[in-house]
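Subject: Handover of a structure and the findings on it

Dear colleague,

I am handing over to you the structure shown below. Please look through it before reading the notes that come after it.

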Amino acid sequence: MSEPVTEVQPPLLEVVNLARTFGKVSALEDVSMNVRAGEVMCVLGDNGAGKSTLIKTLSGVHLPERGQMFIEGKPVRLRSPRDAREKGIATVYQDLAMVPMLSIARNFFMGAEPVKGIWPFRRFDLGAADAVVRAELEKMGIHVRDSSEPVGTLSGGERQSIAIARAVYFGAKVLILDEPTSALGVKQAGIVLRYIAQARARGCGVILVTHNPHHAWLIGDRFTILNRGRSQGTFSKDQITREELIQRMAGGRELEELTHELGELVREDPRRVASRE
Amino acid sequence: MSEPVTEVQPPLLEVVNLARTFGKVSALEDVSMNVRAGEVMCVLGDNGAGKSTLIKTLSGVHLPERGQMFIEGKPVRLRSPRDAREKGIATVYQDLAMVPMLSIARNFFMGAEPVKGIWPFRRFDLGAADAVVRAELEKMGIHVRDSSEPVGTLSGGERQSIAIARAVYFGAKVLILDEPTSALGVKQAGIVLRYIAQARARGCGVILVTHNPHHAWLIGDRFTILNRGRSQGTFSKDQITREELIQRMAGGRELEELTHELGELVREDPRRVASRE
Amino acid sequence: TKPEAAKPAGQEGTAQAPSAPKKDIKIAVVTHGQASDTFWSVVKNGVENAAKDTGATVTYNSPQTFDMVAMSRLIDAEVAKKPDGLVVSIPDANALSNSIKAAVAAGIPVISINSGSDVYKSLGVLLHVGQTEYDAGFGGGEKMAAAGVKNALCVNHEVGNASLDLRCKGFLDAITKAGGTGKVLAVNAADPTDSQSKVTAALGQGVDGIMTLGPLGSKAALAALKQGGNVGKVKLGTFDLTPDVLAGIRDGELEFAIDQQQYLQGYLPIVVLAQYKQYGVLPAGGILPTGPGFVTKENAARVIELSKQGIR
Amino acid sequence: MRRILNRPELGAACGVVAVWAFFALYAGGSGFLSQAGSATYLEIASELGILAAAVSLLMIAGEFDLSVGSMIAASGMTISLLCERLGWSIWAAIAVALVLSLGVGFANGLVVVRTKLPSFIVTLGSLFILSGSTIGMTRLVTGRTQVGGLHEALHYGSAQTLFASRIGGFSVSILWWVAITVLASWVLLRTRSGNWIFGAGGAPDAARNLGVPVPKVKIALFMTTSFCACLIATFQAVKFTGSDVLRGTGKELEAILAAVLGGTLLTGGHGSVVGAAFGALLFGMVQQGIVFAGVDSDWYKVFLGAMLITAVLVNTYVRGRMVEARR
Amino acid sequence: MRRILNRPELGAACGVVAVWAFFALYAGGSGFLSQAGSATYLEIASELGILAAAVSLLMIAGEFDLSVGSMIAASGMTISLLCERLGWSIWAAIAVALVLSLGVGFANGLVVVRTKLPSFIVTLGSLFILSGSTIGMTRLVTGRTQVGGLHEALHYGSAQTLFASRIGGFSVSILWWVAITVLASWVLLRTRSGNWIFGAGGAPDAARNLGVPVPKVKIALFMTTSFCACLIATFQAVKFTGSDVLRGTGKELEAILAAVLGGTLLTGGHGSVVGAAFGALLFGMVQQGIVFAGVDSDWYKVFLGAMLITAVLVNTYVRGRMVEARR
Ligand SMILES: Nc1ncnc2c1ncn2[C@@H]1O[C@H](COP(=O)(O)OP(=O)(O)OP(=O)(O)O)[C@@H](O)[C@H]1O
Ligand SMILES: Nc1ncnc2c1ncn2[C@@H]1O[C@H](COP(=O)(O)OP(=O)(O)OP(=O)(O)O)[C@@H](O)[C@H]1O
Ligand SMILES: [Mg+2]
Ligand SMILES: [Mg+2]
C-alpha cells in the first residue's frame, strides 16, 4: 500500500518486526516503523489495536519478544525506562505515570531531580523545581495554586497537562505522546499541539498516538495505522487525503452508516420532539 | 446571558445554587442546572472548571456544602452513590470506577449483581453476567476474548467502553457521562454517541461532559458552561451557533491566535523543510 | 477473693503481720515473669497476700517478653519512684547489674528472688529467696532417672528463655549423669494443639520419660500420652502445679510435679522488707531456699485445694 | 484447564506437594507418613485453616485483624470461667462466648470504618485490651492464669462429640475446616457479597461509587473473623478441658501468613480461601515435619524459616511457569 | 503556617502532648516528671526511634521488615561472642556485626526485589532463620543462651563512651536518635533518593516508568533497616555488657507501630520520619507512664491498648481539624 520513503540519513528511532504477546493475546505482530528528526509520526488505530503496547516497548517498559530497535541507525536494546530516558526518549504514558500522593513538583521531576550542593550535602533543589513547574504549567494555561498539592486531587486534564509538560521539558531527541489530548479542553489541546510543533521545529522526532483525526491531520507528517496488533502501512501526508485518513481510522464504511443513523435519530425521534413540546 | 426556558413539567434532575470546596479551592460556586426527560445537557468547560465535581455531587459521591437538589420536582438529599443508583441515576466517572484486579464481568455488575436461587443458596449468576457483558460489549464493537480477564490488563479505550456499557445497561432515568469518549477511537466514539441518542429517545435525561466541541454540537440539546467553578449560563441549541460554542469552550480569542500560530509553525519552519530534504 | 486460710503454713514463723502499719511503706517488685505465666502468677499471689498482711503498698511489674533490657528499664522506673524496698529476680546478671547497683546506690534495700543466687552478694543485694532453676531441673532429672527413664524428652515452651533453658539443662544433665540420653523439644506455649501434636511426633522416637516445664506443656503432653495409649508407659513429670496437674498425679497419670513453693518467693521478701523499713530488723543474710519440693501421688490430694487458690 | 492454571491457590498447592514429598523422603521412616503422623499435622492445619479462611476474606477486603489471637484466649476463658465458676452448661457458655466475640468483631469493624484509622492500629489496640482484660479478669476471679475442669461441666459429652472427637484417628476439626473453607470460598466466588468483598479491597472508592456498601461488608468480615477465633477457642477449650490466658498468642500472624502463602495480597483485592487452606496445611506440615525429621530444637526455627521461603519460592515458580504455559 | 498544619507528624505530636499531660497529672507525683523518670522513657524511645526511622523509610517505599527484631539478637550475640570467646577488640566485633547486618539486609532486599514475593513473607522467613541460628550457634559455642562479660573486652571504655554513656543523667542514645532522625528526614524530604523512596512506595510502576531505580532503592532501605537494628544491638550489648538470644523479640512490630502512629501508611507512599520519632516517644511514654502510675501489671495491657487507641484518635482528630482550618 505504502511506497517506501527515500532517506538520506538514518531515522532517529526505528523498529523492525517488533512482536509482543500477553498470555494468549498478541498485542503486536511484526510491526515496523520509524521516526526521523523533525517530523511527527502519528500512530493511529482502534481501541486495543496495540498502540500503547508499541509506545511502551519504545520506552523500555516492555521488552520486545522479537524484533530489533535502532537509534540513529545503531542497534540498541532498552533494558529499562531509565535506559530509554538516558538515550533521549521522553514519554507521556496513557496512564500518566504519576504518584497520586506526591506533590506536583515532586512528580514533575520524579527520576530526574535537579540537585544542588556537593556530594555529602547534595540535595533535591526544591526551590528550582517549584519555579520550573510553575512556569511550565503556566505556559500550558494551567494555574496551579500550590505546587505542593498532591497530584491525586487534581482534575483529569490538569494531571495530563503535567505529564505533557514534563515530557516536553525533558524531551531530548524523541518525544513520545500516548493520547496526550484526550482529557484536555479545546484550549489546552491547542497548546499541546503547539508544543508538538515547537518540538518538531527544534529537530525532535515526535511519535503521537491520538484518536482525534482533526488533531492528527493538523500536526502529523506521516501516519502509521495499526489494526489488532498488525501494521496496516505507513502513509505520508501527501499520499492520503484527510477524508481517507478518517475513514481508515474509523474502519471505513461503518462510520458513514453511523453518521447517517445518528442524524436520523437526532432529527426524527417523535418522543423527543414531544418532550420539547 | 441565557433566557429562562419555560417548562410544563418539572425537570428530571435539578440542582440550585450548588457549592463545594476542597480545602481552599472552591470547585463549585452557586451552580444551578437541570436536565429534562428526553434531552442531552452538555456540561462544558476548561480543565479544572469543576465539571467532574459537579457530576460527582449529582451522583452522591460528594455531599454538597450548600444548595438543593430536586428529582422530578421533589427535594432530595443523596447520602451515597448507592442511594443515587436506587433513585435512577447511573454514572460513568472520569476515573472509571473499576477494580483493576477483578474480571470484566465482575466489574460490570459490581454493586448490582444478578442473583439466582432462594435465600440461603442465593448466588451471583455468573453465567448470566457473562452473557450480558459479552453481548453489551459486542454491541459497542469491543471483542472481549475472555470476560474473566482482569480489567487492569485492558487498553484504556476498552476500559472506558465497559464503563459506558455498564451505565447504559443500568441507566434508568438519568444517565451521567463524564468525558465518555476521551479515550475512544472514532468508531467507538460514534457508537457511544448513538447510545446517547438512543437513551434520549427512550426518554432518559442525559448529562454529558465533553471537551470535544464536535461531539457536543452533534448530540447536545442544551449547553451549560462552567468556568472556574462558576456557571457562565445555559444555552439551548437554537440560542448559539457552533462557532460561538467552540469559541466559548476554548476561551474566545486565544484559540484563533493559536490556530494561526500553529499554521505558521507547520508551514514556515525552515529546519523542518530542510529535514524533509 | 482469698480466704483467710490462704495464709501460708508459717515455714518461716518470723513474719508477723503488724497490727497497724506505722509508716506508709512502698515496695516495688520487678521480675522477669509475666503475671500471665502460671509460675509467676503464684509468686504474684504471694506478693499480694503479703501486701495485705503487712499493709504495705506493693507494685508488681514484669516485661511483656523475656526481655532483660525492658526489665532493667522497669527497675530504673521503679527506682525513680524511690520505693522503700525493691524485690527483683536476676536471670541475667550482666544485663541487670547496672540497674540493681543503681538501686543499691540510691539507698534502697534490695532482695532478689528465684534466680540470681550466685550473684546477689556481689550486687549488694541483702538477701536471696528461692533456688536456681538449674537445681530444680537437676532434682527432677534424678527422680526421673530413679524411675528408670533412659531416653528423656524436655518439652520447652520458650526456647531461649534463660530460666526455662536452665530447667531443661539441669534435667538433662541429671539424666545423662545417670547414663541415659535426652533432648529438648520446642513447642508453642500458646497453642496446646501444636504442643500435643509435637509430643505425639516425638513419642515415635522411643522416648520413655517426658519433663514439661509448666502446665502449658504438661496438659498437652498428657493429652498426647492419652491419645497414643501411653499413659503410665511413658513417665511424665512437670514443673509447677495446677489443680489439673495435681489431679493427674493423684490418679497416677503423672509421676510427679516439681514445686519451688514460689508463693514464698513472693510473700517472704515483702514481709522482710516491711519489717526492715518499720523496725530495721533483717535476717542475717544468705539464701533462703524455698524448694525444690516434689508433689507425688502420696501428697497430691493435700495440695489440690491450695493450688485452686493459687498458692501452690 | 486454563481456569485451573490461573487460580491463585495453585502455587500453594504445589508448595504443599513439594513439602510433603520432602518430608516423606527424609522423615517418612519416623512416622510422618503414618496415619497417626498425618493426623497430627492435619489437626494443626485444621485449626489454623479455619482462622485463615476468615482472615483471608478480611484481607481481600483490605483489612487486618491482629486481635484474633487474644480473641481465642478471651473466648476460651469465658467458656471455662462460666462453666467452672458458675456451673453453667457448656452450651450456654459457648453461646455467650460467641455473642461476645461477635460484639468485639463488630466494635473493631465499626471503629475502623468510622474513624478510617488503619485496622492494623485499631486491632492492635483491641489485642492489648482483650488480652489484658482476659489476664486481669481471670486473676481477679480465680487468682490463677489457668482454668481447668471443663470435663465436669454440664453437657460436656455432647460438646466433646461435636468439637473434640476423633473419627478414625483424625480430629473432627478437620471436617469443620473443610466445611468452613468450602462455605467461605463459595461466598467469595459465587455470591454477591463475595463480589463486594473483592471490590471493597481492590478499589474501595470505585466500589463505593458503584453502590457497594463497603462499611457494612467490612464490619461483617470483622465479625466473621472474631467468630472463627471463638470457634477455635471452643475446640481447644473442649479438647484440653480448660483454658489459659496465653492461648492463641501469635495466631493472628500465623493466620495472615497462611493467607499470604495461599496467594492473598496484603494490600487487599485479590486472594483465595482455598489458597489459605493450602497455606495452613503447608504451615502445619512444615511445623510437624521438622519434629518428625528430628531436627534439634535449637535449630528448629532455622528450618522453619528455610522451609517457608522454599515453599513460597516453589509457589512463585509454579505460578510463573503457568503464565508461560498459557502463552 | 499551612505547611506545618499539613504535615503528617502533627497528629502524633499532639498525641505526645496529650499523653504527657495525662501522666503528668496522674503520675507526676511518683517520679514521671523527675529527671530520672524522663530519662527512662526517653531512653526507650531513643532506641525504638532509631529503628522506627529506618522502618518508616522502608514502609514509605512500600515494604516491611519483620526480621529487625531477630537482627538485634543476632548482632548483639555476634559482638558478645567475638569478644568473649575470641578475645577480639570490641570495635572489631562491632564492625563485623555491622557488615553482617548489611549483608542480611542486602539478602532480604535482593530476594524481595528479584522474586517479587511480599516482603512480609520473605522477612518472616529471615526472622525465623536469624533467630534460630542465633540460638543454635550460641548454644553450640557456649551451651548457654546468655553471653556476658563484655566489659572485659578490649577497648570497651571507648565503646562505652560512644554508645552507653550518660550525659546529665540522660542516655547518649538520645543524641543518636535525634541525629539519625534528622538525617533520615533530610534524606527523605530534601534529596533525590527521598523522592525515589516516595515514588517506589506510592506507585512503583509509574516510578519505574519514569526511570527511578526502584529495586536499588528498596535494597538500600532494607540494608539501612538492618544497619539500624545492629546499631541498637550495639547500644544494648555495650550498655548491658552482654547479650541474650531473645533480645529484640517483637521490636519489629513496635517499630512498625511507631511508624504508623507517626502517620506512615502501611500501604506505602506516604509518611514521615519525624512522625515516627513522635510515635516512638508516644510508645515509650505510655509504656513507662503506666509503671509510674502504678497500674496493676495484670491490667497493664488494657491500659496500653486504651492509651494507644486514644493517642491515635487524638492524632486523627487533630489532623481532621487542621484540614477544616485550612478551608
Ligand atoms: N478531592 C479533591 N481534593 C482537593 N481538590 C480537588 C479534589 N477534587 C477536585 N479538586 C479540585 O477541584 C477543581 C475542579 O476539579 P474537577 O475534577 O471537577 O475539574 P474538571 O472540570 O472535571 O476538569 P477536567 O476537564 O480536567 O476533568 C480542580 O482544581 C481540582 O484540583
Ligand atoms: N499487561 C497486559 N496484560 C495482558 N494483556 C494486555 C496487557 N497490556 C495490554 N494488553 C492487551 O493488549 C491489547 C492492546 O492493548 P493496548 O493498550 O496496546 O491498546 P491501545 O491500542 O493502546 O488501545 P486504546 O486506544 O484503547 O488505548 C489489548 O487487547 C489489551 O487487553
Ligand atoms: Mg492505549
Ligand atoms: Mg473532570
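The notes below take up the two ligand sites and then the contacts between chains.

Please bear in mind that this is a predicted model.

The contacts between chains

Eight pairs of chains touch, and the pair formed by chains A and B has the most contacts among them. Chain C, by contrast, has no contact with chain A, and the closest C-alpha atoms of these two chains lie 35 Å apart. Chain C does not touch chain B either, the nearest C-alpha atoms being 33 Å apart.

The site of ligand 1

Ligand 1 is surrounded by 20 residues, and the closest of them are Ser155(A), Gly157(A), Lys51(B), Ser52(B) and Thr53(B). The site is shared between chains, because the residues that surround ligand 1 come from chains A and B.

Several polar atoms of the protein lie by the oxygen atoms of this ligand. From chain A, the side chain of Glu158(A) has an N or O atom 3.3 Å from an oxygen atom of ligand 1. From chain B, a backbone N or O atom of Ala49(B) is 3.2 Å from an oxygen atom of ligand 1, and a polar side-chain atom of His211(B) is 2.9 Å from an oxygen atom of ligand 1. On its own, ligand 1 has 640 Å² of accessible area, and the protein covers 87% of that area. Two elements give two or more residues to the shell around ligand 1: α5 (156-170) of chain A and α1 (51-58) of chain B. By class, the shell around ligand 1 holds four nonpolar, 11 polar and five charged residues.

The site of ligand 2

Which residues come nearest to ligand 2? Of the 20 residues around ligand 2, they are Lys51(A), Ser52(A), Thr53(A), Ser155(B) and Gly157(B). This site is likewise shared between chains, since residues from chains A and B surround ligand 2.

In chain A, a polar backbone atom of Gly48(A) is 2.8 Å from an oxygen atom of ligand 2. In chain B, a backbone N or O atom of Gly157(B) is 2.7 Å from an oxygen atom of the ligand, while the side chain of Glu158(B) places an N or O atom 3.3 Å from an oxygen atom of ligand 2. The protein covers 87% of the accessible area of ligand 2, which is 640 Å² for the ligand on its own. The elements that give two or more residues to the shell here are α1 (51-58) of chain A and α5 (156-170) of chain B. The shell around ligand 2 is made up of four nonpolar, 11 polar and five charged residues.

The interface of chain C and chain E

Here 31 residues of chain C are in contact with 35 residues of chain E. The size of an interface is often given as the accessible area lost when the parts come together. Between chain C and chain E, the buried area is about 2,600 Å², and carbon and sulfur atoms give 51% of it. Arg73(C), Lys81(C) and Asn94(C) supply 24% of the area that chain C buries against chain E, more than any other three residues.

Five salt bridges are found across this interface. One of the salt bridges joins Lys44(C) to Asp298(E), with the closest N and O atoms 2.9 Å apart.

On the side of chain C that touches chain E, at least two residues each come from α1 (38-54), β2 (57-61), α2 (68-80), α3 (93-105) and α5 (162-177) of chain C. The largest share, nine residues, comes from α2(C). This side of chain C has 12 nonpolar, nine polar and 10 charged residues.

With kind regards

Key. Residues numbered from 1 in each chain as written. Chains lettered and ligands numbered in written order. Predicted model: local features only at pLDDT ≥ 70, side-chain atom pairs only at ≥ 80, totals over all residues. Heavy atoms only, no water. Near = heavy atom within 4 Å. Polar contact = N/O pair within 3.5 Å; in protein donor to acceptor, adjacent residues only side chain to side chain. Areas by Shrake-Rupley, 256 points an atom, 1.4 Å probe, with all protein chains shown as cover. Helix = DSSP H or I, 4+ residues; strand = E, 2+ residues; numbered from the N terminus. Nonpolar A, V, L, I, M, F, W, Y, C, P; charged D, E, K, R; others polar. Contact = heavy atoms within 4.5 Å. Buried area = accessible area lost by both parts, 1.4 Å probe. Salt bridge = Lys/Arg side-chain N within 4 Å of Asp/Glu carboxyl O.
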